[in-house]
Amino acid sequence: MNNEQTIKINDKKYKYSQLGDTAKKQLVNIEATDQEIQRLQILLNITQTARNAYAKELKNELPKNEAPAKKKKDIIIIDEKRYELQEFNDDAKAQLASLQQADLKIKNLQNDLAMTQTAKNSYYQALLQELK
């Protein structure tokens, strides 16, 4: 940022050159968290797209028969239908494993997004304190 640049925070303009070092660091932190949020959202979209592809392929590989109602162990429920895992062919098992991995990655990315947003909010509050 050059010395003539101004920034607007809560409808008030500040000259960058007149900000203290701590305020400038908070601005850098906010920009970094914005970039990380953007990166994580892209990864989340990619992972969701892959998950959808795995789910579609898994549906094509499902066993023809549903699991008996009395069967309780090694049951996979898909679209409210119960299937015995042992009836899955190798392709179905691979798609299921990929789907489960994608679900885990989606959950982790959502957690990372929430954590990064919390950090951004904290940096923003610290910046506001510096500007008082």
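1. Let's begin with the charged pairs: the structure holds 5 salt bridges. Keep in mind while you look around that this is a predicted model.

2. One of the salt bridges joins the side chains of Glu36 and Arg39, with N and O 2.8 Å apart. Both residues sit in helix 1, and they are 3 residues apart, about one turn of the helix. How exposed are these two? Glu36 has 28% relative accessibility, so it counts as partly exposed. Arg39 is partly exposed too, at 42%.

3. Another salt bridge brings the side chains of Arg51 and Asp103 together at 2.4 Å, N to O. Arg51 belongs to helix 1 and Asp103 to helix 2, so this pair ties together parts that lie 52 residues apart in sequence. Arg51 comes out as partly exposed, with 23% relative accessibility, and Asp103 is partly exposed at 33%.

4. Then have a look at Glu84 and Lys71, whose salt bridge has its closest N and O atoms 3.7 Å apart. Glu84 lies in strand 4 (residues 81-84), while Lys71 is in the loop between helix 1 and strand 3, so the pair links parts that are 13 residues apart in sequence. Is Glu84 buried or exposed? The cut-off for buried is under 20% relative accessible area, and Glu84, at 16%, is therefore buried.

5. Now for the nonpolar side chains. The largest nonpolar core has 11 residues, among them Ile7, Tyr14, Ala23, Leu27 and Leu131. Strand 1 (6-9), helix 1 (21-61) and helix 2 (90-131) each supply at least two residues of this core. A second, separate core has 10 residues, including Ala55, Leu58, Tyr83 and Phe88. Going back to Ala23: which residues does Ala23 contact, leaving aside neighbours within four places in sequence? They are Leu127, Glu130 and Leu131.

6. Helix 1 deserves a point of its own. Its 41 residues, at 1.5 Å a residue, should span 60 Å, and the end C-alpha atoms are 59 Å apart, which agrees. The buried residues of helix 1 include Gln26, Ile30, Ile37, Leu40 and Leu44. What do they pack against? The buried residues of helix 1 pack against strand 1, strand 3 (75-78) and helix 2.

7. Not counting residues up to four places away in sequence, Thr33 touches Thr116, Ala119, Lys120 and Tyr123.

8. Next, the hairpin. Strand 1 pairs with strand 2 (residues 12-15) in the antiparallel sense, over 4 bridges. Ile7 stands opposite Tyr14 in strand 2, and both of these residues belong to the largest nonpolar core. The hairpin has 2 residues between the strands, and Asn10 takes a positive phi near 50° there.

9. Lastly, Lys8. This residue is found in strand 1, and its relative accessibility is 57%, so Lys8 counts as exposed. How far is Lys8 from Glu57, C-alpha to C-alpha? The two are 49 Å apart in space, and they are 49 residues apart in sequence.

How values were computed
Residues numbered from 1 in each chain as written. Predicted model: local features only at pLDDT ≥ 70, side-chain atom pairs only at ≥ 80, totals over all residues. Heavy atoms only, no water. Core = buried A, V, L, I, M, F, W, Y, C linked by side-chain atoms within 4.5 Å. Buried < 20%, exposed > 50% of the residue type's maximum accessible area, 1.4 Å probe, protein only. Contact = heavy atoms within 4.5 Å. Expected span 1.5 Å × (residues − 1). Pairing = 2+ DSSP bridges. Salt bridge = Lys/Arg side-chain N within 4 Å of Asp/Glu carboxyl O.
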